[in-house]
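Thanks for asking me to look this one over.

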Amino acid sequence: MTGGEGHDGWLVVGTVDLPSNTVPGRSATISFSINNEGVNPAMGSWSDSVYLSLDDTWDINDAFFGVATHSGTVDGGSSYSNSVTATL
């Protein structure tokens with residue numbers, strides 16, 4: 001996941017929780033938090049896309065895992081949590 005400036009806030013990835021045991025062909029859930037490191041609120045609706053990567057930099061070869069939507073306001077200095085469940 002990557003962060004970016006949008007909706008007047010500055011949204012960045014906080015924590016990412018991965019399942020400890022995964023099996024190909026079964027569902028897995030990835031939970032994460034997003035922090036608004038800006039002073040202004042982030043308002044509206046947007047999508048958080050989750051990719052599986054062997055490193056900490058997104059590139060075109062990373063596998064898409066799923067997407068979660070968020071609607072509402074995230075005040076500056078606040079965060080929200082979400083998760084994506086998909087088949088590996």
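**Notes on the fold and its aromatic residues**

1. Reading from the N terminus, the elements run β-β-β-β-β-β. That gives zero helices and six strands, where helices (H or I, at least four residues) and strands (E, at least two) are DSSP runs numbered from the N terminus.

2. A word on the source: this is a predicted model, in which local features need pLDDT of at least 70, side-chain atom pairs count only at pLDDT 80 or more, and totals for chains, interfaces and linings use all residues. Residues are numbered from 1 along each chain as its sequence is written, and side-chain values use heavy atoms, with hydrogens and water left out.

3. Of the 88 residues in the protein, 26% are buried (under 20% relative accessible area; exposed is over 50%, partly exposed in between; 1.4 Å probe, protein chains only).

4. His 70 sits in strand 5, residues 63-74. His 70 counts as buried because its relative accessibility is 13%. Leaving aside residues up to four places away in sequence, His 70 touches Gly 44, Ser 45, Trp 46, Asp 48 and Tyr 80 (contact means heavy atoms within 4.5 Å).

5. The structure holds three aromatic pairs (rings of Phe, Tyr and Trp, its six-membered ring, with centres within 6.5 Å; planes under 30 degrees apart are stacked, over 60 edge-to-face, the rest tilted). Tyr 51 and Trp 58 are edge-to-face, because their ring centres lie 5.7 Å apart with planes at 75°. Tyr 51 and Phe 64 are also edge-to-face, at 5.4 Å and 70°.
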